[in-house]
Amino acid sequence: MVEEKHEEVELEEWWSLTEDRIRRSFASLDNDGDGRISYDELKESLRRYGIYGRDVDGLVARLDADNSQDLDFPEFLDAVREM
């Protein structure tokens with residue numbers, strides 16, 4: 001069984017986006033530590049911020065540049081920089 005990480009990401013941190021902070025945010029969303037954020041991991045994490053359903057599906061589909069059904073760090077980094 002994979003040990004769960006529960007480090008909270010404070011939204012205020014996103015306003016000062018160093019690569020280290022983006023990497024820590026990515027790691028906090030990557031619950032199983034496989035280096036990728038699955039749709040389920042992202043949905044679970046975003047629910048904590050009140051974002052649900054189709055909003056997440058559309059967001060992930062837009063961010064998933066290689067259509068792999070999950071996000072790797074470069075895709076996540078590009079998405080954060082685009083925001």
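**Aromatic pairs and overall fold**

The structure, a predicted model, holds two aromatic pairs (rings of Phe, Tyr and Trp, the last by its six-membered ring, with centres within 6.5 Å; planes under 30 degrees apart count as stacked, over 60 as edge-to-face and the rest as tilted). One of them, formed by F26 and F73, is edge-to-face, with 5.5 Å centre to centre and 85° between the planes. Because F26 lies in helix α1 (residues 19-29) and F73 in helix α4, this pair ties together parts that are 47 residues apart in sequence. Helices (H or I, at least four residues) and strands (E, at least two) are DSSP runs, numbered from the N terminus.

Ring pairs link F26, F73 and F76 into a cluster. F76 also lies in helix α4, which spans residues 73-82. F76 is buried, with a relative accessible area of 6%, and both F26 and F73 are buried (under 20% relative accessible area, with a 1.4 Å probe and protein chains only). The charged end of R23 sits over the ring of F73, 4.0 Å from its centre (CZ of Arg or NZ of Lys within 6 Å of the ring centre and within 35 degrees of the ring normal).

The protein chain contains four helices and two strands, in the order α-β-α-α-β-α from the N terminus. Of its 83 residues, 31% are buried.

Residues are numbered from 1 along each chain as its sequence is written, and side-chain values use heavy atoms, without hydrogens and water. Local features need pLDDT of at least 70 and side-chain atom pairs count only at pLDDT 80 or more, whereas totals for chains, interfaces and linings use all residues.

Conventions
Buried means under 20% relative accessible area, exposed over 50%, partly exposed in between (1.4 Å probe, protein chains only).
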